[in-house]
Structures are given as C-alpha cells and as structure tokens.
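The sequence and the structure come next.

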Amino acid sequence: MTRFLDLVSPAAGTALWSEWLTGTAERSRAAADALIDEWAAAATPSGRLAQHVFLSTDGAGLLFHAQWISDEEHLAWARARRAGVVSRVDTLVPGIERPGLTRTRLHRSVVHDAERPAGVFVVSAMAAGDVESTGVPAPGLLAVHVHLAADGERAIVVAEWTDVLSHEAATAGDVSFKRYTLYHSFVEDV
C-alpha cells in the first residue's frame, strides 16, 4: 500500500481535506467512482497538483485530500467548476453530507518505520495545541503526519498503521478518529 509521504507534493502551497458522508459502502464507492470519472474526463485544473480519494473502513464515507499550488488557484477552480462536478455526483448518489473543507499545510511528519506498508490511514482532528502528543511510538504505528489548519487553531493528523488490529490495540476505546484506505489518486507532473 502507498505510504502517505508518497502522496505529498513538495510544490503544494495548500492541502485541502474534505469528508463526504454517504452512509454505506456501496454509496461511498458509487460517489467515489462518479467523482473519479468526472476528474478523468475534465481538463486538469490549473494549479492542482494531486487529488486523493480515501474510503472509510466502516463504509460510511469518503475523505478527499487535494494539494494545490495555492489557495487562490483552488478558489478560482471552485468558483468556476466545483458546483457542476458535485451536482453530477449528487445526481447519481443523492443525499451526500459534506461537513466542510479544511485548508492545511503539512507541519511535520514523524516516521517510525519507512519500510513496511501502511494497511490503514487513521485520521483525527484536534486542537493545534494538542499535536505535540502525537507520534509516540506504538506497535504497528508506522508514521504520523500533522497538518495545521489555516486558522492556526486546528490540526488534522494522519497516522499510518500496519493494520486495523494494531490501531485498535493502541487506542483502547478512543473513538475520536476515522480509518481509511486509499482508493484512487490523481497526481500531476510538475
């Protein structure tokens, strides 16, 4: 499986995170496939470096991680094209909930094991002041990547684990995260 740092574009001026809640694994795949078809059929947006689609392991939704040269490039595309793309997906998979978009920048990465493949990506949101406690080694934890939100108050943390069982053993009932697997990526040559 792909490691998270393999997905990071060094030229990215901004990274965007967006969750879509679909309710079922079938709806998640249908929405992901519809969006992938939209992206594949359209011209590559100016300034988009990469777009990654993750499926939640519980089947309830999708997570998108996009990297753009700048916020301005993304906003220009969003004003001109986003509504059309989303409306075509909503026609095929109605009722998707979209809690919002978070603009971030990769703040730091702690890699404990660069060799083993990641079996699952565990994503959590937290206050920016709480990120220092992330990245403590644990059996099965491969790496932790901290993304600070543009507001400076929040962070999105992506942890790579060997598998779900290792993560379950380390979290002991904590439910402030979601687990994902990478489904598809578009990466532009820069």
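## Salt bridges

The structure holds nine salt bridges, a salt bridge being a side-chain nitrogen of Lys or Arg within 4 Å of a carboxyl oxygen of Asp or Glu. One of them joins the side chains of Glu 160 and Arg 3, at 2.5 Å from N to O. This pair links distant parts of the chain, 157 residues apart: Glu 160 is in strand β7 (residues 154-161) and Arg 3 in the segment before β1. Helices (H or I, at least four residues) and strands (E, at least two) are DSSP runs, numbered from the N terminus. Both Glu 160 and Arg 3 are buried; buried means under 20% relative accessible area, exposed over 50%, and partly exposed in between (1.4 Å probe, protein chains only).

Asp 71 forms another salt bridge, with Arg 103, and the closest N and O atoms are 3.0 Å apart. Asp 71 lies in helix α2 and Arg 103 in strand β4, so this pair ties together parts 32 residues apart in sequence. Asp 71 counts as partly exposed at 23% relative accessibility, whereas Arg 103 is buried at 18%. The side chains of Arg 179 and Glu 168 also meet in a salt bridge, at 4.0 Å from N to O. Since Arg 179 lies in strand β8 (residues 178-187) and Glu 168 in helix α3, the pair ties together parts that are eleven residues apart in sequence. Arg 179 is buried, with 15% relative accessibility; Glu 168 is partly exposed, with 41%.

## Basis of the model

This is a predicted model, in which local features need pLDDT of at least 70 and side-chain atom pairs count only at pLDDT 80 or more, while totals for chains, interfaces and linings use all residues. Residues are numbered from 1 along each chain as its sequence is written, and side-chain values use heavy atoms, with hydrogens and water left out.

## His 167 and helix α3

His 167 is found in helix α3 (residues 164-171). With 3% relative accessibility, His 167 counts as buried. Leaving aside residues up to four places away in sequence, His 167 touches Val 122, Trp 161, Phe 177 and Arg 179; contact means heavy atoms within 4.5 Å.

## Helix α2

Helix α2 (residues 71-92) bends by about 55° at Arg 81. The bend at a residue is the angle between axes fitted to the seven residues ending there and the seven starting there.

His 74, Trp 77, Val 85, Val 86 and Val 89 are buried in α2. The buried residues of α2 pack against β1, α1 (25-41), β3 (61-68) and β4 (97-111).

## Surface patch

On the surface, Leu 5, Leu 106 and Val 111 form a nonpolar patch with about 220 Å² of accessible area together. Patches are made of residues with over 30% relative accessible area and no salt bridge: like charges are joined within 9 Å, nonpolar side chains (Val, Leu, Ile, Met, Phe, Trp, Tyr) within 5 Å. Accessible areas come from the Shrake-Rupley method with a 1.4 Å probe, and for residues only the protein chains shown count as cover. Leu 5 is found in the segment before β1 (14-21) and is partly exposed, at 40% relative accessible area.

## Overall fold

The secondary structure comes to three helices and eight strands. Of the 190 residues, 46% count as buried.
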